[in-house]
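These are my notebook entries on one protein chain. I set down what I looked up, topic by topic.

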Amino acid sequence: MSRRIATTLAALALASAACGAPPGQPGTTTVVKSTTSATARLVKVPDVSGMNHQDAQDAMQRAGLYNLREVDGTGQGRALVIDRNWVQTGQDPAPGTEVPADAVITLTAVKYTDR
């Protein structure tokens with residue numbers, strides 16, 4: 001019987017150690033300070049003028065820019081459903097601008113048949 005108790009106590013001690021609380025100091029709180037830089041990493045916006053819309057999106061993502069907004073350049077408010085049917089006519093911010101990686105990039109395009 002005492003062997004069973006010793007085994008149970010050993011298991012409890014291991015479980016307590018695995019939880020990170022040192023024996024004899026239950027409820028201890030550890031404060032961890034962040035070591036990240038206060039400045040965000042800047043990404044240079046690529047020039048996608050005249051590119052197929054799908055290729056333009058791919059170029060932005062290769063550069064590390066994923067927050068992409070797409071706009072119908074004719075002002076008709078159409079959704080750019082099949083990206084390969086559209087050609088880039090504008091972008092904001094301008095090519096070469098350095099922006100944070102989470103910046104919104106607006107890609108303006110028209111259908112090839114609109115030209």
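**Entry 1: confidence**

What pLDDT does the protein chain average, and what share of the residues score at least 70? I noted an average of 83, with 66% of the residues scoring at least 70; pLDDT is the predictor's confidence in each residue, from 0 to 100. I recorded that this is a predicted model, in which local features need pLDDT of at least 70, side-chain atom pairs count only at pLDDT 80 or more, and totals for chains, interfaces and linings use all residues. Residues are numbered from 1 along each chain as its sequence is written, and side-chain values use heavy atoms, with hydrogens and water left out. Over residues 32-37 I found pLDDT under 50 and zero contacts beyond four places in sequence; contact means heavy atoms within 4.5 Å.

**Entry 2: overall plan**

I counted two helices and five strands in the protein chain, in the order α-β-α-β-β-β-β along the sequence. Helices (H or I, at least four residues) and strands (E, at least two) are DSSP runs, numbered from the N terminus. Of the 115 residues, 24% count as buried; buried means under 20% relative accessible area, exposed over 50%, and partly exposed in between (1.4 Å probe, protein chains only).

**Entry 3: helix 2**

I looked next at helix 2, residues 53-62. Its buried residues are His-53, Gln-54, Ala-56, Gln-57, Ala-59 and Met-60, and they pack against strand 2 (68-72), strand 3 and strand 5. At the N-terminal end, Asn-52 caps the helix, with a side-chain oxygen 2.9 Å from the backbone nitrogen of Gln-54. After the helix comes Gly-64, with a positive phi near 100°. Most residues other than glycine have a negative phi.

**Entry 4: the nonpolar core**

Which residues form the largest nonpolar core? I listed 11 residues: Val-43, Val-45, Val-48, Ala-56, Ala-59, Met-60, Leu-65, Val-99, Ala-103, Ile-105 and Leu-107. Helix 2 and strand 5 are the elements that give two or more residues to this core, and helix 2 gives the most, with three. A nonpolar core is a set of buried Ala, Val, Leu, Ile, Met, Phe, Trp, Tyr and Cys residues joined through side-chain atoms within 4.5 Å.

**Entry 5: strand 5 and its partners**

Five of the seven residues of strand 5 are buried. I found five bridges joining strand 5 to strand 2, and these two run parallel; Glu-70 stands opposite Leu-107. Six bridges join strand 5 to strand 3, and this pair runs antiparallel; there, Gly-90 has Thr-108 as its bridge partner. Two strands pair if DSSP finds at least two bridges between them.

**Entry 6: Thr-106**

Leaving out residues up to four places away in sequence, I found Thr-106 touching Arg-69, Val-71, Gly-90, Gln-91 and Asp-92. The side chains of Thr-106 and Arg-69 are joined by a polar contact of 3.2 Å. A polar contact is a pair of N or O atoms within 3.5 Å; within protein, one must be able to donate a hydrogen and the other to accept it, and residues adjacent in sequence count only if both atoms are side-chain atoms.

**Entry 7: a cis bond**

I noted that the peptide bond from Asp-92 to Pro-93 is cis, with omega near 5°. Pro-93 is found in the loop between strand 3 (86-92) and strand 4 (98-100). Most peptide bonds are trans.
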